[in-house]
Amino acid sequence: MRIPIDSYVLSNGLRVTLSEDHRAPIVAVNLWYHVGSANEREGRTGFAHLFEHMLFQGSEHVGANEHFELVQRAGGTLNGSTWLERTNYYETVPSHHLETALWLEADRMGRLLPAMTQEKLDTQRSVVQNERRWSVDNQPYGTWWEKLPALCFPASHPFHHSLIGSFADLDAASLEDIAGFFSTYYTPDNAVLTIAGDFEAAEARALVEKHFGSIARGGGRPALPDMSLPATFGTWLRETVEDDVMVPRLFLASRSPAFGTEAYYAASLCAAVLGLRRGSRLRRALVREQEVASAVSVSTWDLAKGADLFVVDATARPGVTAEQLEAAVAVELDRVVADGVREDEVSRAVALLETDMVLALQSAGDRADKLSMHATLFGEPERVNGELERYRGVTAAQVTAFARERLGPDNRASLMYVPKRGEG
Amino acid sequence: MRVDHKQILRFAQDDGGGVQFNKPTPGTARPYHFPRFTRTTLSNGLRVIVAPVRDLPLVTLHAFVDAGATHDPRGQEGVALLTAALMGEGTLAHDGAALADRFERLGTTLEVGADWDSAALEVTGLSERFEAFVALLSEVLRTPAFAEREVARLRGERLAELLEQRAEPRGLADDMFARFAYAEGARYGMPAGGNEASVGALTRDAFVAFHAARYTPSTTTLIIAGDIDADAALCAVVAQLGDWSAQPTTTADGRAPDAPSTVARGIDLIVKPDAPQSELRVGHVAIARGNPAWLRVHVMNAILGGLFSSRINLNLREKNAYTYGAFSSVDARRHAGCFEVSTAVQSDVTAPALREIFAEITGITQGEVSADELSLATAYLEGVFPIRFETTSAVAGALANLVIFGLADDYYDTYRASVRGMTTADVLAGARTLLRPAELRIVVVGDPAQVREALAGLELGPVREWDPTGAPATDRMKSE
């Protein structure tokens with residue numbers, strides 16, 4: 001399965017990818033800005049995400065909340081999200097509304113600041129603080145998103161700090177910060193625009209030039225510090241958190257090869273062998289056979305700079321202690337380090353990943369997002385069409401070599417949640 | 001305060017020149033049709049619906065069975081959901097591990113589950129493997145093993161889920177709201193998956209009996225959506241399921257599952273000490289999906305709390321910043337589900353947030369919405385229609401709903417015109433059909449120390465406190 005790709009660069013540096021197909025009369029517009037929480041300065045944790053909220057507060061020619069309203073009035077869906085290395089904004093609309101979507105995105109890329117007010121910032125600051133309460137502070141295990149990278153990356157590393165941010169840092173964010181972040185990072189030469197779905201290429205090119213062509217290039221983004229790290233932690237890192245939960249849950253992370261590198265695909269397949277779906281090793285051993293866990297999964301965070309995280313997530317069955325849970329996970333990791341993986345385990349994983357990749361092609365929004373991801377992180381949207389071959393090219397011996405190098409006791413970080421005394 | 005305009009001038013040098021800053025005018029909408037489908041009933045009563053969708057080499061097989069939680073025998077609440085889950089845990093020919101392996105080597109996973117109205121088994125994968133999928137699905141439907149070991153494990157996992165939920169405010173609020181919205185003993189008032197007592201008592205015999213009673217050809221519909229020829233699909237189904245014979249029997253006691261609570265209104269506060277937010281649920285029993293007023297109610301709800309730009313979300317999030325989001329919904333079920341506003345607000349604004357929710361619900365029953373509000377909702381629902389059906393799985397799910405809710409075969413062909421025809425008077429009628437402000441039930445999962453007094457001050461009835469198991473809160477908890 002190959003998807004059509006036509007990519008080019010505007011004179012202001014905006015990288016554009018077009019992927020035309022006419023299955024349904026809908027089109028996805030997707031923008032990735034190459035900025036995430038890793039780019040935040042000290043004392044401003046959570047700012048990249050707060051800024052994402054501000055991008056829905058209007059721009060010079062778009063009123064407050066009008067962005068949402070205009071897309072929904074067009075019959076479209078939309079959202080945005082912030083991650084460690086990037087922030088994305090996207091909408092899927094009936095194809096005859098393509099220009100509205102492009103105009104909305106261009107107005108906020110080119111002319112956001114005239115619409116920024118202290119009142120809007122204060123409101124979104126409170127909304128984000130409520131998002132933090134909802135998804136982190138008032139959710140069982142909710143702090144794992146910030147505690148795990150804090151445990152796994154050194155304090156000076158851009159991936160160490162919280163993406164959602166602390167209350168104090170969110171309180172400190174000012175309109176001056178908004179203006180500075182905007183002019184530094186929200187520039188066409190630090191962004192990627194993808195259009196996927198039902199459009200005519202010539203028309204789309206003309207619309208892109210019309211709406212984005214006059215936005216001035218930025219002054220260049222400041223370089224991130226050197227993010228390279230040793231291949232392993234060098235020890236077994238541990239942190240125990242008492243939380244308002246009923247049963248223990250373990251997040252066990254290993255430092256692993258950066259997303260997109262050749263070694264990454266072996267790591268990703270190893271994660272699938274160990275933890276993807278019911279037939280995976282950990283599901284079989286911990287959930288089905290030993291009944292020490294009610295759920296277990298393994299995934300990678302897909303971080304493209306320096307080092308990635310390979311994360312086992314296991315929730316204890318009632319009555320199983322934290323020590324028993326960790327020991328059961330460790331036995332399986334030790335086993336894959338000692339004995340490696342079998343060919344048939346790898347072929348099961350590849351079969352599942354292959355179907356998942358074809359399934360993801362069904363949605364115009366998913367296609368556009370994948371293209372933007374490869375264009376932003378690697379400068380090559382065409383990589384989308386090579387992903388399956390990359391996975392197919394990985395041998396069981398390579399997966400085993402990854403496990404030997406990266407899943408041993410010298411490269412484990414255990415973030416263990418346990419019930420507060422008196423609970424569970 | 002506004003940021004100095006000079007700071008942005010370099011981003012807009014071409015102002016007024018070749019650049020179009022005003023909102024563009026849309027072109028002409030391109031046509032869209034919901035996929036065509038054919039319906040067949042085999043001689044054993046099995047219904048088959050095939051919808052060729054030839055965009056990608058994918059196919060979805062979606063079998064749904066009239067074996068949802070409303071069929072749970074009294075005292076065996078949870079048996080329907082666990083039966084569905086156990087279908088994926090082994091057949092007479094393949095134990096659970098071997099069965100998972102067979103699906104996964106074909107690059108797919110058997111998704112099993114049940115809700116109030118049906119049980120569903122779904123496989124989506126590469127269409128070249130279609131015949132293998134049909135054979136496996138048939139094996140699962142006809143010969144589940146219900147091995148003692150798997151029965152004990154899944155029962156234990158459900159009990160673990162119930163235990164974990166005591167510390168999970170969202171699921172806890174949902175379950176507690178249902179409990180207080182429906183009459184005591186009404187099936188909808190208890191979780192679809194059952195509670196500790198009912199699940200703990202379920203044995204292998206209960207699952208075997210439930211399967212025998214409800215999983216039969218005449219209670220099953222198989223939907224096939226994807227890159228498949230309709231005749232070839234039907235042949236494969238006949239080959240695997242044509243000789244399936246079993247007759248359904250009744251399992252539930254026939255009492256209405258949706259009787260509303262008659263307890264006097266009050267605020268039910270589920271104690272979660274030190275919670276930084278209150279999870280709020282406000283609503284009452286609504287109408288059945290098959291009610292002719294459904295579409296009016298649906299459009300009204302979009303305006304009230306269904307869309308991001310709805311009254312409730314704009315009020316609670318964008319105006320007052322009480323929350324990350326606030327929404328309302330009307331649950332689509334064969335019997336009357338609930339109208340429900342859901343949000344989580346910081347603890348110190350719990351009472352003002354409830355006051356705003358009450359004001360919005362009351363307000364929409366008192367006068368017509370504006371033409372702008374109506375057109376936003378109808379334009380959204382009409383326009384988003386093709387986006388809802390991008391995947392074969394979504395097409396299969398939509399076709400399942402036709403059967404489950406007894407909708408006309410042309411429902412999806414006429415849907416957009418019906419939405420477009422809605423008037424502000426229809427919306428008001430929908431609001432008055434659905435909403436009874438005096439009967440709204442209120443559930444709060446939060447910290448009594450921070451919210452108890454303010455809740456009492458709302459004068460919406462007594463504040464009743466409960467622990468997370470649903471028992472009246474003890475004095476020890478109350479004093480925390």
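A: Two strands count as paired if DSSP finds at least two bridges between them. In this predicted model, strand β2 (residues 15–20) of chain A and β6(A) are joined by six bridges in the parallel sense, and by that cut-off of at least two bridges they are a pair.

Q: What makes strand β3 (residues 26–33) of chain A a partner of β6(A) as well?
A: The requirement is at least two bridges, and β3(A) and β6(A) are linked by seven, running in the antiparallel sense. Individual positions show both pairings: Leu18(A) stands opposite Ile195(A) in β6(A), while Asn30(A) stands opposite Thr194(A) in β6(A).

Q: Why is strand β6 (residues 191–197) of chain A called mostly covered?
A: A residue is buried if 20 or more other C-beta atoms lie within 10 Å of its own, and in β6(A) seven of its seven residues are buried, so the strand is described as mostly covered.

Q: What holds the strands of a sheet together, in general terms?
A: Strands of a sheet pair through backbone hydrogen bonds, in either the parallel or the antiparallel sense.

Q: How do you know which strands are the edges of the sheet in chain B?
A: The sheet is open and has six strands in the order β1-β2-β6-β3-β5-β4 (chain B), with mixed pairing. Its edge strands are β1 (38–41) and β4 (111–114) of chain B, each of which pairs on one side only. On average, neighbouring strands of this sheet are turned by 15 degrees against each other, direction ignored.

Q: Why is α9(A) called roughly perpendicular to α12(A)?
A: The axes of helix α9 (residues 262–275) of chain A and helix α12 (residues 343–360) of chain A come within 9 Å and cross at roughly 100 degrees. Angles of 65 to 115 degrees count as roughly perpendicular, and α9(A) is therefore roughly perpendicular to α12(A). In this contact Leu269(A), Ala272(A) and Val273(A) of α9(A) meet Glu345(A), Val346(A), Ala349(A), Leu352(A) and Leu353(A) of α12(A), and the residues divide into seven nonpolar, no polar and one charged.

Q: Why are α9(A) and α10(A) called roughly parallel?
A: The axes of α9(A) and helix α10 (residues 281–289) of chain A come within 4 Å and cross at roughly 30 degrees. Since angles under 35 degrees count as roughly parallel, the two helices are therefore roughly parallel to each other. Val273(A), Leu274(A) and Gly275(A) of α9(A) make this contact with Arg281(A), Leu282(A) and Arg283(A) of α10(A), a set that divides into three nonpolar, one polar and two charged residues.

Q: Is Cys270(A) buried or exposed, and what settles the matter?
A: Cys270(A), which is found in helix α9 of chain A, has 30 C-beta neighbours inside 10 Å and therefore counts as buried, the cut-off being 20 or more. Beyond residues up to four places away in sequence, Cys270(A) touches Val399(A), Phe402(A) and Ala403(A). Cys270(A) and Phe310(A), 40 residues apart in sequence, are 9.4 Å apart in space, C-alpha to C-alpha.

Q: Is Pro257(B) buried or exposed, and how do you know?
A: Pro257(B) is placed in the loop between α9 (230–241) and β7 (267–271) of chain B. With 21 C-beta neighbours inside 10 Å, Pro257(B) counts as buried, because the definition asks for 20 or more. Setting aside residues up to four places away in sequence, Pro257(B) touches Thr70(B), Ala186(B), Arg187(B), Tyr188(B) and His335(B). Pro257(B) and Gly189(B) are 68 residues apart in sequence and 8.0 Å apart in space, C-alpha to C-alpha.

Q: How many residues does each chain bring to the contact between them?
A: Chain B brings 75 residues and chain A brings 71 residues. On the side of chain B that touches chain A, the classes are 37 nonpolar, 20 polar and 18 charged residues. The predictor gives the complex an ipTM of 0.96 and a pTM of 0.95.

Definitions and conventions. Residues numbered from 1 in each chain as written. Chains lettered and ligands numbered in written order. Predicted model: local features only at pLDDT ≥ 70, side-chain atom pairs only at ≥ 80, totals over all residues. Contact = placed C-beta atoms within 7 Å. Nonpolar A, V, L, I, M, F, W, Y, C, P; charged D, E, K, R; others polar. Axes fitted to C-alpha atoms, helices over the stretch in contact; angles between N-to-C directions. Parallel < 35°, antiparallel > 145°, perpendicular 65-115°, else oblique. Buried ≥ 20, exposed ≤ 12 C-beta atoms within 10 Å, placed from the backbone.
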